[in-house]
Amino acid sequence: MIKKIPFKKLIILVAILALPGFLYYLLQAKGKNRYKPLPIYGPKTVLATYQKKRGKIIPDTLYHTIKPIDFINQDGAFLAFADLKRKIIIVNFFYTRNQNLNATLNKRLKSLYDEYKGNKIIKFVSITVDSQFDKPVVLKQYARSLKIDTKQWYFLTGDNAQVFDLAKNQFYVNAHKVKDGDFIVSEKLILLDAEHRIRGYYDGTSVSAILQLSDELKVQITEELRKIKAEN
């Protein structure tokens, strides 16, 4: 005898089975993207030039982009932020002596890294605010403790004044020195697109925020792949 499935359970089952197809339709239907692009944060300038789309005049807009700055990575080699062009980047500010924040933030960030490990378009960048202590050898040891590939997840150090300025005036997050060995640093993860424009802020200590970032990374990857396809 075939057991009848209760109506409520049947509705839930149908919804679960239909959801992947529905999401795919939202992202790509008949070759046309139907997803909603992520917002672009920071100041913007409306230019005098414009484009016409479907008969409408749309002014060109110049969006805020992160300025180029040179760092030293965990191997003691120079790394210019410009070298990461055409990559989607997840950035955070930290310092190794802040064990309380690091224990939580790196657990969340590591889970995201594990999900996208080996994805050539995704890079992770952790910038220390404690350059006096966080020398390359310290950052390298710290990276080893996380068991990550430092060709995908970089740990960077640089002049503290430049780093504080970068955090405040480019990424718009808190980062400043309180006293020797003690800093105020934002727990935010910042998502940059391939043009180094800010596309999202996420609480690095929150499981739900990390899940949101993971979902929105997929949206951003779709956007970047569309650009690459259009250029070829």
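One term before we click on anything: buried means under 20% relative accessible area, exposed means over 50%, and partly exposed is in between (1.4 Å probe, protein chains only). Now select L112, which is buried, with a relative accessible area of 1%.

A word on what you're looking at. This is a predicted model, where local features need pLDDT of at least 70, side-chain atom pairs count only at pLDDT 80 or more, and totals for chains, interfaces and linings use all residues. Residues are numbered from 1 along each chain as its sequence is written, and side-chain values use heavy atoms, with hydrogens and water left out.

**Stop 1: the whole chain**

Zoom out and show the cartoon. The protein chain has 5 helices and 11 strands; these are DSSP runs (helices are H or I, at least four residues; strands are E, at least two), numbered from the N terminus. Of its 232 residues, 41% count as buried. Contact here means heavy atoms within 4.5 Å. Take the contacts with a separation of 6 or more: 68% of them come from residues 24 or more positions apart.

**Stop 2: two helices side by side**

Color helix α2 (residues 99–116) and helix α5 (residues 207–231). Two packed helices are described by the angle between their axes and the distance between the axes. For this pair, the angle is about 30° and the axes are 10 Å apart. That makes α2 roughly parallel to α5. Angles under 35 degrees count as roughly parallel, over 145 as roughly antiparallel, 65 to 115 as roughly perpendicular and the rest as oblique. The axes are lines fitted to C-alpha atoms, for helices over the stretch in contact, and angles run from 0 to 180 degrees between N-to-C directions.

Now show the side chains where they meet. From α2, pick R108, S111, L112, E115 and Y116; from α5, pick V207, I210, L213, S214, L217, K218 and I221. By class, this contact has 7 nonpolar, 2 polar and 3 charged residues. (Ala, Val, Leu, Ile, Met, Phe, Trp, Tyr, Cys and Pro count as nonpolar, Asp, Glu, Lys and Arg as charged, and the others, Gly among them, as polar.)

**Stop 3: zoom in on that contact**

Go back to L112, in helix α2. Leaving out residues up to four places away in sequence, L112 touches F124, I210, L213, S214 and L217. Try the distance tool on L112 and I210: they sit 98 residues apart along the chain, yet their C-alpha atoms are separated by 7.1 Å.

Next, click S214 in α5. At 5% relative accessibility, S214 counts as buried.

From V207 to S111 is 9.8 Å, C-alpha to C-alpha, and 96 residues in sequence.

**Stop 4: the nonpolar core**

Which residues have the most contacts inside the largest nonpolar core? Select F81, F93 and F171; that core has 56 residues. A nonpolar core is a set of buried Ala, Val, Leu, Ile, Met, Phe, Trp, Tyr and Cys residues joined through side-chain atoms within 4.5 Å. In soluble globular proteins, nonpolar side chains tend to be buried together. Center on F93 and, beyond four places in sequence, you'll find it touching residues including I127, V163, F171 and I190.

**Stop 5**

Start with E187, in the loop between β9 (182–185) and β10 (188–192). E187 is partly exposed, at 28%. Among the residues E187 touches, beyond four places in sequence, are L101, L105 and Y202.

Then find K147, between α3 (136–146) and β7 (153–157). K147 is exposed, at 69%, and its phi is near 55°, a positive value in a residue other than glycine.

Finish at Y172, in the loop between α4 (160–171) and β8 (175–179). Y172 has a positive phi of about 60° although it is not a glycine, and at 37% it counts as partly exposed.
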